[in-house]
Amino acid sequence: MTRMQQFELPSYLEQSDAVRDRFARLRQRPVVLEVKGLNKDFETSHGPVTALRDISFVTHKREFVCVIGPSGCGKSTLIRILAGLETPTSGQLLLDGRAVHGPGPDRGMVFQSYTLFPWLTVKKNVMFGLERAGRGRLAAEEEAMQWIELVGLSKFARSYPHQLSGGMKQRVAIARALANQPRILLMDEPFGALDAQTRAKMQSYLMEIWKNIDITVLFITHDLDEAIYLADRILVLKAHPGEVQELIEVPVPQPRSPEQLLSPEFLATRKRLEELIHPPQDDAALSEDHLNMVRMVAVDDEVESVF
Ligand SMILES: Nc1ncnc2c1ncn2[C@@H]1O[C@H](COP(=O)(O)OP(=O)(O)O)[C@@H](O)[C@H]1O
Ligand SMILES: [Mg+2]
């Protein structure tokens with residue numbers, strides 16, 4: 001084997017037996033969320049904008065699906081529609097086979113921006129939904145503390161949000177969303193505002209939580225590594241209009257660990273996502289610019305070489 005061959009990546013479509021079996025089992029699980037022919041147009045002062053066009057996919061029970069795509073491809077619009085905060089122009093949305101209209105406790109949301117109530121302690125923030133759902137104070141408190149423990153923040157139950165780091169706030173937001181025992185957890189770039197190190201830690205926390213409880217997750221990100229690390233499948237959208245490009249079965253075995261970021265399966269998936277999200281036209285445009293720069297430099301005697 002030559003040195004070059006050793007570094008050749010497998011195709012992202014290649015799956016080990018274990019991974020193939022896992023996907024076969026996953027497909028047998030009940031469908032939690034079904035999106036059928038979803039379209040969304042916005043009326044703007046410049047005329048109508050098609051944010052989403054003909055989006056269809058299903059999410060199975062306990063599946064972790066990431067949605068990825070360039071800025072403006074409709075990721076937030078999609079998740080807002082799923083959360084019931086926005087109405088689709090056409091198409092259907094089914095949760096456990098029933099049509100969804102408007103928001104409901106069956107869908108838990110975690111946003112990028114911190115959405116905790118600043119005037120409530122961590123415990124009270126998590127208790128909020130439980131009390132609204134009719135739990136008595138003591139029951140709500142007990143349940144809230146279990147969720148707070150799950151995200152490792154028992155010591156901070158009496159703290160206020162402003163006393164917590166960004167990562168801790170998002171852990172409370174996750175606990176609060178999970179406390180309502182939603183059928184699906186909808187997350188819109190929840191770690192987008194965190195520094196790289198905290199973000200990596202949060203990804204591992206989320207993986208741990210997901211392994212330990214029975215929850216289906218739809219997670220939006222524009223970070224390729226984050227999507228591959230977290231997802232069973234990745235829904236890749238393109239922009240203008242937001243359409244499904246591909247639904248990728250991530251060939252990296254579960255359970256995940258950070259060491260896998262350098263595995264051939266991981267890199268092969270990353271290469272595919274790069275191709276889809278940063279298509280070659282961009283490179284062509286870039287090298288064109290580069291050529292122009294070189295030409296400009298060539299006619300300018302004072303600059304010897306900038307490259
Ligand atoms: N309320 C709105 N009114 C008009 N246009 C909107 C509105 N919300 C989103 N859009 C447009 O829809 C497209 C998708 O936006 P968004 O869902 O925020 O994308 P993403 O989250 O992928 O960056 C963009 O072109 C955006 O300008
Ligand atoms: Mg967005």
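These exercises work through the helices and the sheet of a predicted model.

**Exercise 1.** Find how many helices and strands the protein has, and what share of its residues is buried.

*Solution.* Start with the elements: the protein holds 10 helices and 10 strands. Then turn to burial. Of the 307 residues, 34% are buried.

**Exercise 2.** Decide how helices α6 and α7 lie: roughly parallel or roughly antiparallel to each other?

*Solution.* Step one: locate them. α6 covers residues 166–179 and α7 covers residues 196–212. Step two: take the angle, which is about 20°, with the axes 10 Å apart. Step three: apply the cut-off. Angles under 35 degrees count as roughly parallel, so α6 and α7 are roughly parallel to each other. Their crossing is right-handed. Step four: look at the contact. Gly166 and Ile174 are among the α6 residues there, and Thr198 and Ile209 are among those from α7. The contact residues divide into four nonpolar, four polar and two charged.

**Exercise 3.** Work out which strands stand at the edges of the six-stranded sheet.

*Solution.* Write the order: β6-β7-β8-β3-β9-β10, an open sheet with mixed pairing. Now read the ends. β6 (107–110) and β10 (243–249) each have a single partner strand, so one side of each lacks a neighbour in the sheet. The twist averages 20° from one strand to the next.

**Exercise 4.** State in which sense β3 and β8 pair, and which helices pack on the sheet.

*Solution.* β3 (residues 64–68) and β8 (residues 216–220) pair in the parallel sense over four bridges. Cys66 stands opposite Phe219 in β8.

Technical notes
Residues are numbered from 1 along each chain as its sequence is written. Chains are lettered from A and ligands numbered from 1 in the order in which they are written. This is a predicted model: local features need pLDDT of at least 70, side-chain atom pairs count only at pLDDT 80 or more; totals for chains, interfaces and linings use all residues. Helices (H or I, at least four residues) and strands (E, at least two) are DSSP runs, numbered from the N terminus. A residue is buried if 20 or more other C-beta atoms lie within 10 Å of its own, exposed if 12 or fewer, and partly exposed in between; C-beta atoms are placed from the backbone. Axes are lines fitted to C-alpha atoms, for helices over the stretch in contact, and angles run from 0 to 180 degrees between N-to-C directions. Angles under 35 degrees count as roughly parallel, over 145 as roughly antiparallel, 65 to 115 as roughly perpendicular and the rest as oblique. A crossing is left-handed if the near helix is turned anticlockwise from the far one by less than a right angle, and right-handed if clockwise. Two residues are in contact if their C-beta atoms, placed from the backbone, lie within 7 Å. Ala, Val, Leu, Ile, Met, Phe, Trp, Tyr, Cys and Pro count as nonpolar, Asp, Glu, Lys and Arg as charged, and the others, Gly among them, as polar. Two strands pair if DSSP finds at least two bridges between them.
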